[in-house]
Amino acid sequence: MLKQLHHMGLRAEHLYIAGAASIGLSFLSWMLSKQMENAGIDRADRWGIFIGEWAPTFIALGNGLRTYEK
């Protein structure tokens, strides 16, 4: 899988940036859901957690690509 990602042009830096962006997007989605939906804080928390779980995946893939690139 790492070979295919590398062949597609993805680099470790791209995945690190995606991980950092997903942390910011997690906070933003939590805040917007809390303010714009009448579903309560529980739903906002679920949105934030759902998107926040992407960050470790992107960072782990970035670490794998970093190893593959070396």
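In which helix does Ser 29 lie? The views below, taken from a predicted model, begin with this residue.

View 1. Ser 29 belongs to helix α2, which covers residues 12-36. The relative accessibility of Ser 29 is 13%; because buried means under 20% relative accessible area, Ser 29 counts as buried. When neighbours within four places in sequence are set aside, Ser 29 is in contact with Trp 47, Gly 48 and Ile 51.

**View 2. The pairing of helices α2 and α4.** Helix α4 is formed by residues 54-69. The axes of α2 and α4 come within 8 Å and cross at roughly 170°. Angles over 145 degrees count as roughly antiparallel, and the two helices are therefore roughly antiparallel to each other. On the α2 side, the residues making the contact include Ala 12, Tyr 16, Ser 22 and Leu 25. On the α4 side, Trp 54, Phe 58, Asn 63, Arg 66 and Glu 69 are among them. Sorted by class, the contact of α2 with α4 has 12 nonpolar, 4 polar and 3 charged residues.

View 3. Is Ala 20 buried or partly exposed? Ala 20 has a relative accessible area of 49% and is therefore partly exposed. In sequence, Ala 20 and Phe 58 are 38 residues apart. In space, the C-alpha to C-alpha distance between Ala 20 and Phe 58 is 8.8 Å. Phe 58 is one of the α4 residues that make the contact with α2.

Technical notes
Residues are numbered from 1 along each chain as its sequence is written. This is a predicted model: local features need pLDDT of at least 70, side-chain atom pairs count only at pLDDT 80 or more; totals for chains, interfaces and linings use all residues. Side-chain values use heavy atoms; hydrogens and water are left out. Helices (H or I, at least four residues) and strands (E, at least two) are DSSP runs, numbered from the N terminus. Buried means under 20% relative accessible area, exposed over 50%, partly exposed in between (1.4 Å probe, protein chains only). Contact means heavy atoms within 4.5 Å. Axes are lines fitted to C-alpha atoms, for helices over the stretch in contact, and angles run from 0 to 180 degrees between N-to-C directions. Angles under 35 degrees count as roughly parallel, over 145 as roughly antiparallel, 65 to 115 as roughly perpendicular and the rest as oblique. Ala, Val, Leu, Ile, Met, Phe, Trp, Tyr, Cys and Pro count as nonpolar, Asp, Glu, Lys and Arg as charged, and the others, Gly among them, as polar.
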